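These are my notebook entries on one protein chain. I record what I looked up and in which order.

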Amino acid sequence: GMNTTESKRKFRVTRRGLLIGTGVASAGLVVGAVLGRNPFYRMVAGLMSEGNYPGGGETDPTVWFELLPSDKVRIIIPKVEMGQGAHTAMTQIAAEELGARWDQFEVIQGNTELGPSDRGTVGSTSISTSFQPLRRAAANMRQLLINAASERLGIPAADLHAADGVVRARDATGQLSYGEIVAGVEEWKELELEPELKATDKFTFIGQSLQRVDVEAKLRGEAVYGYDLSKEGMLYGAVARPPTVEGRMVSARPGTAENSPGVAKVVIDADDQFAGVAANTRQQAINALDALDIEWDRGPKWSQADIDALLDVSDGAGIPIQKNGRPLDIIGHSPSLRAEYSSPFAIHAHLEPEAALADVHSDRAEIWVSTQMHSQVQTLVASDLNMDAGSVKVTSAYLGGGFGGKTGFGAAREAARLSRSVGRPVHIGLTRPEDMRHGWYRPPTRSRFSAVVENGKILALNHNHASGEVLFSFFPKQMSILLGSDPGAWRGAYNFYDSIQHRQLNSLTVKLPVPTGAWRGLGLLANAYACESFMDEMAHAAAADPLQFRLDHLGTDAFAERMRNVLLTTADRAAYGNALPEGHAMGIACTVDVDTVAALCAEVSVESDGTIVVHRMVQALDPGLVVNPDGALAQAEGSITMALSSTLIEEMTVKDGVVKPGNFDSYPLITMDRTPDIEVVFLESDGRPRGMGEPAVGPVAAAVGNAFFNLTGTRLRNIPFTKARVRAALDA
């Protein structure tokens, strides 16, 4: 299929990897930047602690702007907006170097034909990976405009200055707006030199809490989410789903479904495990599923205990991920301390269930879907339809929450299949029970620790970790074999206390019978809960203050300095160590994720029925540089609240091969009355932004568990800390 972007835009790549071209109908200026490949070995070696995900080609332009003669600046953003504010922050980064006005920008969601190719909105990497390329592209565009204005005005480029969408002579002898410049240029000349980027202290857009670019559309109800998608002549689809986690379709026949009210078509391919219905309304499609005649093989009757038993944390089970010194020799058979921690399955529980609209024709297909990964949806749907990927156009709608659960493969593929059969557009929107029982989950984890603590210091530390898959579910098989252990699964288990000379992390990745994958922060919350709880156990064994104990085990480099500042700032803001009200205690924890450091103090009390009350939480974060403080604050508060829900309440279980929760009655989330006062403070270390979407979840569970121990002398070794669990621990 002809790629429409190519046909409309003529680009050339300059020596310095800048794309210059003219826009639609050869008016306007289009600029993109080209990123070099991240060497694969560096991704494996530095692993994901840096937030570098595999993928990204040699010549993928990372961002495109289009400056129109009307003076509008279109910015085409490949990252999707799911409430995290990426569109706003990325526009701020562009505006900073472009010298345009905020009201000049028009933000367009990129798709598989428009804007840069993109490997997904994942892992808190949107801002950190686009910061430099976006600034470079914008600075280059600014310089191209200055050079063109210089020719028109007959004034040397050095005597011109660009700001507020206008190129002006420094001595005020002439000026041209960006739109006027663009309207008069036929052929853009390549730049001789790469323009210098602004110094951090000269920033006027970056670091400001500007109004979000999507706020007006959302307030007016104009923002289109996956569930809202509609098209003339559209039908609604519903698909039969297996009754158990490993259920298989043995046979399927239409039964009486074709005669059910409103049904337009029944589509069955039992060999491919597919039986679906297209009807005039969603409810009619759902009702018709009951009339299908399907025989299921229910498969093994998995119980939660059977699944938990697959997580092997015995010595030698996992692959060594981190090793310094000779911890196992030193620990031998006589550790001074041992402990084991675990976490359960969790559900994403995003507000909007998965949804997609497909319009399939014989030679092309168009898909609109709530997805974090539109290029992957394109590949899969093209393969299902036996089409060339270029003939399948995928556009992401707004997402009503993602948290790693919205890759949007399923609904898009099902809608495409039904649309092809019926010859009309088909919308599939999962019901809440379908979304809860047929998505994938945060995998359960187990962590077993052994350590030798002497003279107030950790002499040796060994951590055996086991988890279900997180990223392996999305990786090609060869890559999983090469990596050995899933980097998403052990995220948060990596030890950053660099003065521990002898330390080891061994991680086992298990393919479970229940589909597991990415959840906010991947393994971060569960693993940090285990590691930072055990850090407190070691501190208590050493009769040391948990804060001082952490400070004593930091390394000596610039990274350790960032960690020290975050710990001390959190403690200072929370008045750590000061007297608390009767029956209250405070706990502290510190984590690192995508090179962002986060520490948290939690103040808790316990009611007689075993309910843990969290009164306040204070978190300091160092993400290097904050692009939009209000957006970053919302991310931190949202992450902390979501993590607290996971810490106190959320637990998905399997019984007789069935995922138990089907709705919020059996999978409740935290409510306002249990949400504490949250204070967040940002430290900015070096002018380079790191991830902000997920790192804040890291220390939450550990800080609450540590506070509970400081209050009661009892250690909680499994999240969530439910009333029943708390009472059982206290009674033991």
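I began with a definition: a residue is buried under 20% relative accessible area, exposed over 50%, and partly exposed in between, with a 1.4 Å probe and protein chains only. I then looked up Ala703, which counts as buried because its relative accessibility is 0%.

Basis of the entries. I worked from a predicted model, in which local features need pLDDT of at least 70 and side-chain atom pairs count only at pLDDT 80 or more, while totals for chains, interfaces and linings use all residues. Residues are numbered from 1 along each chain as its sequence is written, and side-chain values use heavy atoms, with hydrogens and water left out.

Confidence. I noted that pLDDT is the predictor's confidence in each residue, from 0 to 100. The protein chain has a mean pLDDT of 90, and 92% of its residues reach 70 or more. For contacts I used heavy atoms within 4.5 Å. Over residues 1-9 pLDDT stays under 50, and the model has 17 contacts beyond four places in sequence for them. Residues 35-60 also stay under 50, with 51 contacts beyond four places in sequence.

Whole chain. I took helices (H or I, at least four residues) and strands (E, at least two) as DSSP runs, numbered from the N terminus. The protein chain comes to 19 helices and 29 strands. Of its 732 residues, 57% count as buried. Among contacts with a separation of 6 or more, 76% join residues 24 or more positions apart. I found that the C-alpha atoms fill a box of roughly 80 × 75 × 45 Å along the principal axes.

Radius of gyration. I took this value over C-alpha atoms, and the globule rule is 2.2 Å times the number of residues to the power 0.38. For 732 residues a compact globule would have a radius near 27 Å, and the protein chain agrees with 27 Å.

Ala703. I placed this residue in helix 18. Beyond its neighbours within four places in sequence, Ala703 is in contact with Gly587, Ile588, Ala589, Leu600 and Ala602. Between Ala703 and Arg282 I found 421 residues in sequence and 45 Å in space, C-alpha to C-alpha.

Ser646 and Pro720. Which residues are in contact with Ser646, leaving aside its neighbours within four places in sequence? I found Arg442, Trp519, Leu525, Ile719 and Pro720. Ser646 is in helix 17 (residues 629-648) and counts as buried because its relative accessibility is 1%. Two of these partners, Ile719 and Pro720, are joined by a cis peptide bond, with omega near 0°. Pro720 is found in the loop between helix 18 (700-712) and helix 19 (723-731).

Positive phi. Before the next two residues I noted that most residues other than glycine have a negative phi, and most peptide bonds are trans. Asp71 has phi near 85°, a positive value, and is in the loop between strand 4 (61-67) and strand 5 (73-77). Is Asp71 buried or exposed? At 15% relative accessibility, Asp71 counts as buried. Asp164 has a positive phi of about 55° and is in the loop between strand 7 (160-163) and strand 8 (166-169). Asp164 counts as partly exposed, because its relative accessibility is 46%.
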